[in-house]
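User: I am new to reading protein structures and would like to go through this one step by step. Could you help me with a few questions?

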Amino acid sequence: MNIKQPNTEELKELIQVYKETFPVHNVFSKPEEEILGYMETTEGGWLVAVDNGKVVGGLLIVVKFHNLEHGVGRFKHIAVAKDNQGKGIGSALLKKAEETSKAAKIEIHIAESEKESLEFYKKNGYGVEGEL
């Protein structure tokens, strides 16, 4: 498996993973052309997990700097294709995103509808800092 920055074709493949993972979502339930437009113009950088030539997961990294030394990274849209879950792909994506972002702090916001993913983040060393 390879985790890397995607080209346009790989972003298009990632859309299918997002549509499967987030069937009801303010971005990923839109037509593919609109989703691709969002992906190509949104602030931040994408990572994809490619296994046997197929995109099986991805995420978006957004880093905000409070000053030159202290950045806060936010990982968004973390997803792994359902038939590839449980194989360490999500954990590998998080690790690569942590290395890539070089942020002093990482934030991951979890929606109420995604509470089952909380255990995944805890297993990867993250903790709950607050609830809205």
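Analyst: Gladly, and one term is needed before we start: two strands are said to pair if DSSP finds at least two bridges between them. Please keep in mind that this is a predicted model.

User: Which residue in β5 does R74 stand opposite?

Analyst: Strand β4 covers residues 71-80, and three bridges join β4 to strand β5, which is made of residues 105-107. These two strands run parallel. Across from R74, the residue in β5 is E107.

User: How many bridges join strand β3 to β4?

Analyst: Strand β3 spans residues 54-65, and β3 and β4 run antiparallel. The number of bridges that join β3 to β4 is eight.

User: In what order do the five strands form the open sheet, and which are the edge strands?

Analyst: The pairing in this open sheet is mixed, and the order of the strands is β1-β2-β3-β4-β5. An edge strand pairs on one side only, and this holds for β1, residues 2-4, and for β5. From one strand to the next, the twist averages 25 degrees. The edge strands are therefore β1 and β5.

User: Which helix makes a right-handed β-α-β unit with β4 and β5?

Analyst: The helix in this unit comprises residues 89-101. Packed on the sheet, α3 touches β1, β2, β3, β4 and β5, and the direction of α3 makes about 30 degrees with that of β3. By contrast, α1 lies across β1, β2, β3 and β4 and runs at about 95 degrees to β3.

User: Why is strand β4 described as largely enclosed by the rest of the structure?

Analyst: A residue counts as buried when its relative accessible area is under 20%. Strand β4 has ten residues, and it is largely enclosed because the number of them that are buried is eight.

User: Is H25 buried or exposed?

Analyst: H25 is found in the loop between α1, residues 8-21, and α2, residues 32-41. Its side chain makes a polar contact of 3.2 Å with the side chain of N26, and the side chain of H25 also reaches the backbone nitrogen of V27 at 2.9 Å. Because the relative accessible area of H25 is 18%, and the cut-off is under 20%, H25 is buried.

How values were computed: Residues numbered from 1 in each chain as written. Predicted model: local features only at pLDDT ≥ 70, side-chain atom pairs only at ≥ 80, totals over all residues. Heavy atoms only, no water. Helix = DSSP H or I, 4+ residues; strand = E, 2+ residues; numbered from the N terminus. Buried < 20%, exposed > 50% of the residue type's maximum accessible area, 1.4 Å probe, protein only. Polar contact = N/O pair within 3.5 Å; in protein donor to acceptor, adjacent residues only side chain to side chain. Right-handed = clockwise from strand over helix to strand, strands pointing away. Axes fitted to C-alpha atoms, helices over the stretch in contact; angles between N-to-C directions. Contact = heavy atoms within 4.5 Å.
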